[in-house]
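Subject: Structure handover

Hi,

Here is the structure you asked for. My notes follow below it.

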Amino acid sequence: MELNNIRELTFEYGGDWEINHVDRLLKLVEIIGETEDYDRELIWAAVHLHDWGAFSKFFKKGKDHAERSREVAADILNQLNFNENKQKIILDAIREHNKTGDCSSMESILLRNADYLDFLGIIGIARDFAKGPQDIKKSLEAVRKRFKFFDYLTLPKSIQIGKERLKEMNNFIERLEAESFGFY
Ligand SMILES: [Fe+2]
Ligand SMILES: [Fe+2]
């Protein structure tokens, strides 16, 4: 197995939905990590592998998807030649991505900040509406629950982007109320 196989497999198991999420996160990492010191190869691997535990192929009912992703990623990384320390950084970043509180590395901080940002703003709204069901009220409820993710952002640049995204979300909700006359 080579590093690039991880990308092919991410697409095979997670489809367009996941590979586009991954590519957005990689872009966000570049932006929010501009002045940070981190290992690009490690974050690349962590971003690709972070949600595998949510894919039907690996998903385990009752198990947190990040914990499951970590298990699956451990098997994958064993087939690549990352040393033990690098493997640990990748695996801990994966496990920590949907949590709050301290992160064990800059790679972990970047993955978590990027992943929470992708739930915010117009893209976050689009994701929640795309997930369905065909019910505006329910999708909107999902969107409202995303606002708290802003509090989990820690890097100055992601807080700045997060603030803009919250504004867009508030504007969206306001316009939705107005244009639907409350019928939705
Ligand atoms: Fe996730
Ligand atoms: Fe994710």
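A definition before the notes: two residues are in contact if their C-beta atoms, placed from the backbone, lie within 7 Å. Please also keep in mind that this is a predicted model.

Start with M106. By that contact rule, M106 touches E36, D37 and Y38, leaving aside residues up to four places away in sequence. M106 is found in helix α5, which covers residues 106-117.

Is M106 buried, exposed or partly exposed? There are 18 other C-beta atoms within 10 Å of M106. Buried takes 20 or more, and exposed takes 12 or fewer. M106 is therefore partly exposed.

I89 is 17 residues from M106 in sequence. In space, the two are 9.1 Å apart, C-alpha to C-alpha.

Now the whole chain. It has eight helices and zero strands. Along the sequence the pattern reads α-α-α-α-α-α-α-α.

How does the radius of gyration compare with that of a compact globule? For 184 residues, such a globule would come out near 16 Å. The chain has 17 Å, so the two agree. Along the principal axes, the C-alpha atoms fill a box of roughly 60 × 35 × 25 Å.

Two last figures. Of the 184 residues, 34% count as buried. Among contacts with a separation of 6 or more, 61% come from residues 24 or more positions apart.

Best wishes

Technical notes
Residues numbered from 1 in each chain as written. Chains lettered and ligands numbered in written order. Predicted model: local features only at pLDDT ≥ 70, side-chain atom pairs only at ≥ 80, totals over all residues. Helix = DSSP H or I, 4+ residues; strand = E, 2+ residues; numbered from the N terminus. Rg over C-alpha atoms; globule rule 2.2 N^0.38 Å.
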